[in-house]
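Dear colleague,

I am passing on the structure below, and my notes on it follow. Please read them with the coordinates open beside you.

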Amino acid sequence: MDAIKSTTLSFENATDVYKGKVRDVYFFDEKIAIVASDRISAFDVVLDRAIPYKGQVLNQIAEKFLKLTGDIVPNWLESAPHPNVHIGKKCDAFAVEMVIRGYLAGHAWREYKAGKRILCGVTLPEGLKENDRLPNPIITPTTKAKEGHDEDISREEILSQGIVSEEDYLKLEEYTQALFAKGQEFANERGLILVDTKYEFGKFNNEIYLIDEVHTPDSSRYFYQEGYEERQKNNEPQKQLSKEFVRQWLIENGFQGKDGQKQPFMSEEFVNSVSDRYIELYENITGETFEKASYHHIEEEIFNSIKNELG
């Protein structure tokens, strides 16, 4: 095995199992164990090939930022007994994802380029170019679809449909802005720009907790600071560390997750290049050397790490 495509762990005291796009979640009463697989998704579709070390990269970056942001909002994480495993509180997730954008990139740019000037109820100024900095960070929530595509949604729609109470939603916005500011500050210290990201929240004992991953290349987009202004001035693509290059490769090969489209073949060379990009982001954003975990007996090690923590 040179990548974790999926896990099939059997725990006597597990109450349920859920396989997400990337993570395998094992439920235990008031705790959950999340295994970060090496699956990769784009346009809400899980791609055919797994990416070596991707799960470890996501897990360890998320762990770092969950610890760094614990003074802003409590989070679900309690332990990380294996490079691909997180264990923590089982929270009731809000049915929205809080997307926040400091720059006009990715999905927001594609919508803007198509002529839209209102995104999730937020009005965007005229005359912007791709990757321009926005006057202020904007929150553009999405629905959290159990299947299929997440959809853009406005604050007004969230409140009018009763998806989140007004009291809770205002708190989610406050936490989202504070977390993004912290993430941007840390990225700047590393010579990076945190362009946009998403946060997920839930409740445990009626208190709001930050859940899932934080500031990873799957949930966030980073640009290199050096040369950003010059590249913008010259209308050149930004040098970035994110999953966007995978999306662009798929688009160039005729795939955007739409009905009838077939996934392009991912060669060994391309898969390895994606793996290298994930490791590059890890080392740039954390300032630490990435230490590859062994895939030898990895499922057994993951099983034992969870069993030893949760019985």
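Helices here are DSSP runs of H or I with at least four residues, numbered from the N terminus. The model is a predicted one, and what follows should be read with that in mind.

In that numbering, Ser305 belongs to helix H8, which covers residues 298–310. Because buried means under 20% relative accessible area, Ser305, at 8% relative accessibility, counts as buried. Leaving out residues up to four places away in sequence, Ser305 touches Pro81, His82 and Val85. For Ile306, with neighbours within four places in sequence likewise set aside, the contacts are Leu9, Phe11, Phe28, Ala33, Val35, Val85, Ile87 and Gly311.

Strand S14 (residues 192–204) runs antiparallel to S16 and is joined to it by 5 bridges, with Asp196 standing opposite Arg221 of S16. S16 also pairs in the antiparallel sense with strand S17 (residues 240–241), over 2 bridges, and there the bridge partner of Tyr222 is Leu241 in S17.

Finally, how far apart are the end C-alpha atoms of helix H4, and what span should its 24 residues have? At 1.5 Å a residue, the 24 residues of H4 (residues 166–189) should span 34 Å, and the end C-alpha atoms are 35 Å apart, which agrees. The buried residues of H4 are Asp168, Tyr169, Leu172, Glu173, Tyr175, Thr176, Leu179, Phe180, Gly183, Gln184, Phe186 and Ala187. As background to that list, an α-helix has 3.6 residues a turn, so residues three or four places apart point the same way. After H4 comes Gly191, whose phi is positive, near 75°.

Conventions:
Residues numbered from 1 in each chain as written. Predicted model: local features only at pLDDT ≥ 70, side-chain atom pairs only at ≥ 80, totals over all residues. Heavy atoms only, no water. Expected span 1.5 Å × (residues − 1). Buried < 20%, exposed > 50% of the residue type's maximum accessible area, 1.4 Å probe, protein only. Contact = heavy atoms within 4.5 Å. Pairing = 2+ DSSP bridges.
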